[in-house]
Amino acid sequence: LWLREIAELEAMKPGIRQTPWFRRNYLGEWVVDEDALVYRYQEGRNDYAGELPRYRQGSWHYVLGCDLGTHTALGVHAYHDHDPSFYTLRSKRYEGIDLTSTAEHAKKLDREFGFERWSIDGAAKQSVEEMRRRQDCPWQAADKTDKAMFIELHNTDMLLGRVKHNTEGCVDLIGEQKTLIWDQ
């Protein structure tokens with residue numbers, strides 16, 4: 001019965017055996033469907049190794065990003081006056097840490113980089129206010145409205161090669177961007 005069904009599928013659509021759908025449903029393989037991925041990360045185009053590029057003029061600007069949740073993530077990002085790309089130097093996911101630990105990690109990174117902006121997921125308003133008042137963290141809430149549009153803009157920059165992650169410092173982020181799919 002299965003062989004007959006597969007033969008019918010192949011007759012209707014030659015090459016169907018190579019599709020992620022067929023491989024998942026008929027061969028039982030784990031396959032990433034690139035059309036279902038949230039982010040358009042591609043090795044070589046969206047990563048870099050080593051140091052940031054050096055320029056004769058202008059300066060680097062550093063931004064701290066934070067996503068609160070079960071897996072709180074902190075990211076160190078940079079952009080330059082004369083470079084169209086947005087760089088992620090480090091990104092680390094922490095499981096089960098509290099607000100005090102999040103603030104301590106953020107302050108340690110700030111001592112190293114001197115952030116111009118601290119951006120945080122504004123959905124947890126009470127948590128953000130708690131860290132501002134008790135931990136003296138200058139968080140600014142990120143606008144989470146129309147998230148899909150911002151992801152599409154980010155993906156456009158990825159396709160143009162203007163988003164770059166450090167291969168050594170962003171293992172968690174790269175792994176997520178290579179495998180995260182839309183929840184239909």
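Contact here means heavy atoms within 4.5 Å. Among contacts in the protein between residues at least 6 apart in sequence, 54% join residues at least 24 apart. The model is a predicted one.

## Overall form

The protein has six helices and seven strands. Read from the N terminus, the elements run α-α-β-β-β-β-α-β-α-β-α-β-α. The C-alpha trace spans about 65 × 45 × 30 Å along its principal axes. The radius of gyration is 21 Å, while a compact globule of 184 residues would have one near 16 Å. Of the 184 residues, 35% count as buried. The protein exposes about 12,100 Å². Carbon and sulfur atoms supply 49% of that area.

## Aromatic pairs

A pair of aromatic rings is described by the distance of the centres and the angle of the planes. How many aromatic pairs does the structure hold? The count is nine.

One of the pairs joins F22 and Y26. Their ring centres are 5.0 Å apart and their planes stand at 15 degrees, so the pair is stacked. Planes under 30 degrees apart count as stacked. Both residues lie in helix 2, which covers residues 20-27. F22 and Y26 are four residues apart, about one turn of the helix. F22 is buried, with a relative accessible area of 0%. Y26 is buried too, at 18%, because the cut-off for buried is under 20%.

W118 and W139 make another pair. Their ring centres are 5.0 Å apart, and their planes stand at 70 degrees, so this pair is edge-to-face. Planes over 60 degrees apart fall in that class. This pair links distant parts of the chain. W118 sits in strand 5 (residues 117-121), and W139 sits in strand 6 (residues 139-142). The two are 21 residues apart. W118 is buried at 5% relative accessible area, and W139 is buried at 2%.

These two tryptophans also belong to a cluster. Y62, F113, F115, W118 and W139 form one aromatic cluster.

## Cysteines

A disulfide is a covalent bond between the sulfur atoms of two cysteines. How many disulfides does the count come to? It comes to zero. The cut-off is 2.5 Å between cysteine sulfur atoms. For C66, the closest cysteine sulfur is in C137, 9.2 Å away, so it is too far for a bond. For C170, the closest cysteine sulfur is in C66, at 15 Å, which is again too far for a bond. C66 is buried, with a relative accessible area of 7%. C170 is buried as well, at 0%.

| Residue | Relative accessible area | State |
|---|---|---|
| H61 | 14% | buried |
| T88 | 2% | buried |
| Q140 | 34% | partly exposed |

**H61.** This residue is found in strand 2, residues 60-67. Its side chain makes a polar contact of 2.6 Å with the side chain of E116. A polar atom of the H61 side chain also lies 3.5 Å from the backbone oxygen of S59. Which residues is H61 in contact with, leaving aside neighbours within four places in sequence? They are H77, A78, Y79, D81 and E116.

**T88.** Strand 4, residues 83-95, holds T88. The side chains of T88 and H165 are joined by a polar contact of 3.3 Å. Not counting residues up to four places away in sequence, T88 touches Y48, V76, H77, K164, H165, N166, C170 and L173. C170, a buried cysteine, is one of these neighbours.

**Q140.** Strand 6 is the place of Q140. What does Q140 touch, not counting residues up to four places away in sequence? The list is R117, W118, S119, I120 and R132. Among them is W118, a member of the aromatic cluster. The C-alpha atoms of Q140 and L99 are separated by 15 Å. Along the chain, Q140 and L99 are 41 residues apart.

Methods
Residues are numbered from 1 along each chain as its sequence is written. This is a predicted model: local features need pLDDT of at least 70, side-chain atom pairs count only at pLDDT 80 or more; totals for chains, interfaces and linings use all residues. Side-chain values use heavy atoms; hydrogens and water are left out. Rings of Phe, Tyr and Trp (its six-membered ring) pair if their centres lie within 6.5 Å; planes under 30 degrees apart count as stacked, over 60 as edge-to-face and the rest as tilted. Buried means under 20% relative accessible area, exposed over 50%, partly exposed in between (1.4 Å probe, protein chains only). The radius of gyration is taken over C-alpha atoms; the globule rule is 2.2 Å times the number of residues to the power 0.38. Accessible areas come from the Shrake-Rupley method with a 1.4 Å probe; for residues, only the protein chains shown count as cover. A polar contact is a pair of N or O atoms within 3.5 Å; within protein, one must be able to donate a hydrogen and the other to accept it, and residues adjacent in sequence count only if both atoms are side-chain atoms.
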